[in-house]
Amino acid sequence: MSQANQLQIPVIDVSALVSGKEDRDEVSGRIGQACRDWGFFYIVGHGVDEHLQRRLEEVSRQFFAQDLETKLEIKMSLGGRAWRGYFPVGGELTSGKPDLKEGIYFGAELEYDHPLVTAGTPLHGPNLFPADIPQFRDTALAYMAAMTTLGHTLMTGIALSFGLEESYFFDRYTSDPLILFRFFNYPPQPLNTDSESSLGVGEHTDYGLLTILRQDMSGGLEVKTKSRWVAAPPIPNSFVCNIGDMLDRMTGGRYLSTPHRVRNVAGQNRLSFPFFFDPNFNAAVRPIKIDAKANDNKEERWDRASVHAFGGTYGDYLLSKVSKVFPELRRKVL
């Protein structure tokens, strides 16, 4: 197994941002440093209800403990163009290789008569929830609401860290953000293996602005920095945050979209809950105007792709990525 080195990802208390206190400049400065050095940071002092977090874990364990036939009652093909629902182990690809995880895709809850849904906009629509697990729907929706509020707060801190007005991202991209949320379960894998086939999810970067991750206490998340894999172990009542390709693009590569992966060697199921706070689907993502040339790290990226070269909307970029994750579903619904 790979030996993650002893470098430590920054842990930032964001309570000043959450409360709106005057000392938030210090917090935003620490966030900016973490974005430049790591692309990753932990947050504590976030104010998200611990009871809600525990309920989230409880209902997810109940769901994943069911037999496959029952879980497939909310399979993704039933979600259509909304791309919502359950997929089994191996049903999602990273760089063309099956991930050793199962999961459920969620997003902002939109009714069938919502204009974006009636227009057939991909990745928009109602969610699929299991019918026989009490509190599942209410818990998932309450958690997404809490994460959406936290996402706005953290993007304020990121804007301040880059010397922008605090509403920079809200005014241009996130007044109506694209919200994507996942329940993931990683089954235990054989110990002492470095095989790429043993990865719960392979090396990748996230697509949008900001990811806010809750992970259980199993460990297994690893972050790549200067060609070394660094462990991101769980810290109680914290979230792991990382920036995505769009923030890398906007900042000209100054805030890096950092590769990461998961290797579950805990000998038990591992749960994680990534929440993606992204630009509006129809927003054209443009670089922030700064007096410096963009740092295109194309040659160092896992996919050798430039986040600075594409044109169009965030939806265009996102669909080009997620259609490779579920190629069969892409053929059926897009």
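**View 1. Phenylalanine 87 counts as buried, at 2% relative accessibility.** Buried means under 20% relative accessible area, with a 1.4 Å probe and protein chains only. This is a predicted model: local features need pLDDT of at least 70, side-chain atom pairs count only at pLDDT 80 or more, and totals for chains, interfaces and linings use all residues. Residues are numbered from 1 along each chain as its sequence is written, and side-chain values use heavy atoms, with hydrogens and water left out. Phenylalanine 326 is buried too, at 6%.

**View 2. The structure holds 21 aromatic pairs.** Rings of Phe, Tyr and Trp (its six-membered ring) pair if their centres lie within 6.5 Å; planes under 30 degrees apart count as stacked, over 60 as edge-to-face and the rest as tilted. Phenylalanine 87 and phenylalanine 326 pair edge-to-face, 5.5 Å centre to centre with 65° between the planes. Phenylalanine 87 sits in strand β3, and phenylalanine 326 in the loop between α9 (314–325) and α10 (327–333), 239 residues apart. Helices (H or I, at least four residues) and strands (E, at least two) are DSSP runs, numbered from the N terminus.

**View 3. Phenylalanine 136 has 0% relative accessibility and counts as buried.** Phenylalanine 183 is also buried, with a relative accessible area of 0%. The ring centres of phenylalanine 136 and phenylalanine 183 are 5.3 Å apart and the planes stand at 40°, so the pair is tilted. Phenylalanine 136 lies in helix α6 and phenylalanine 183 in strand β7 (residues 178–186), so the pair ties together parts 47 residues apart in sequence. Both rings belong to a cluster linked by ring pairs, whose members include Phe63, Tyr86, Phe129 and Phe275.

**View 4. Eight strands form an open sheet with mixed pairing.** The order is β1-β2-β12-β9-β14-β7-β6-β3. Two strands pair if DSSP finds at least two bridges between them. β1 (11–13) and β3 (85–87) stand at the edges with a single partner strand each, so one side of each has no neighbour in the sheet. Strands β2 (residues 40–44) and β12 (residues 239–243) pair in the antiparallel sense over 4 bridges. Tyrosine 42 has valine 240 in β12 as its bridge partner.

**View 5. Leucine 123 lies in the loop between α5 (115–118) and α6 (136–161).** Leucine 123 is buried, at 6% relative accessibility. Its C-alpha atom is 4.1 Å from that of alanine 82, 41 residues apart along the chain. Leaving aside neighbours within four places in sequence, leucine 123 has contacts (heavy atoms within 4.5 Å) that include Trp83, Leu178 and Phe281.

Methods:
Buried means under 20% relative accessible area, exposed over 50%, partly exposed in between (1.4 Å probe, protein chains only).
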